[in-house]
Amino acid sequence: MDDAGNLWFLSADDSHKNAEIDADRNVALTFQTDKHSGFVRMDDRASISRDASRIKDLWNPLPRTWFTEGENDPRITVVQVAPVSGYY
């Protein structure tokens, strides 16, 4: 999460999620702390970019499983999720 409250994710340009965001930028995220309580639901607006500096900031070894060419993989995109409203 950045200082403005945006959440950032790495995603492949040919993924179903990117196609869904292209079709409708309205998304919802749900986080749960355990199986019985403690959840947050956020309604958000998502956007996709190829911002190389943001990819570099988010990069760590784990995504190499999907992006075998590393942070310079041509399929890699960044999804920005900007919160609109939420419920705790």
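Modeller: Before we count anything, two strands pair here if DSSP finds at least two bridges between them, and helices (H or I, at least four residues) and strands (E, at least two) are DSSP runs numbered from the N terminus.

Biologist: Fine, and what am I looking at?

Modeller: This is a predicted model, in which local features need pLDDT of at least 70 and side-chain atom pairs count only at pLDDT 80 or more, while totals for chains, interfaces and linings use all residues. Residues are numbered from 1 along each chain as its sequence is written, and side-chain values use heavy atoms, with hydrogens and water left out.

Biologist: How many helices and strands does the protein chain have?

Modeller: There are two helices and four strands in the protein chain, and read from the N terminus the elements follow the order β-α-β-β-α-β. The C-alpha trace of the chain spans about 40 × 30 × 25 Å along its principal axes.

Biologist: In what order do the strands sit in the sheet?

Modeller: The four strands make an open sheet, ordered E1-E4-E3-E2, with antiparallel pairing. Strand E1 (7–12) and strand E2 (26–32) each have a single partner strand and stand at the edges, so one side of each is left without a neighbour in the sheet.

Biologist: By how much are neighbouring strands turned against each other?

Modeller: On average by 40°, with direction ignored; the axes behind such angles are lines fitted to C-alpha atoms, for helices over the stretch in contact, and angles otherwise run from 0 to 180 degrees between N-to-C directions.

Biologist: And how many bridges join E3 to E4?

Modeller: Strand E3 (residues 39–49) and strand E4 (residues 76–87) run antiparallel and are joined by nine bridges. As one example from that pairing, Arg 45 has Ala 82 in E4 as its bridge partner.

Biologist: Switching to helices: which strands does H1 lie across?

Modeller: Helix H1, residues 16–23, lies across E1, E2, E3 and E4, and runs at about 85° to E3, where contact means heavy atoms within 4.5 Å.

Biologist: How many aromatic pairs does a search of the whole structure find?

Modeller: The search finds one aromatic pair, given that rings of Phe, Tyr and Trp (its six-membered ring) pair if their centres lie within 6.5 Å, planes under 30 degrees apart counting as stacked, over 60 as edge-to-face and the rest as tilted. The pair is tilted, because the rings of Phe 39 and Tyr 87 have their planes at 45°, with centres 5.8 Å apart.

Biologist: Where do Phe 39 and Tyr 87 lie?

Modeller: Phe 39 is in strand E3 and Tyr 87 in strand E4, so the pair ties together parts that are 48 residues apart in sequence.
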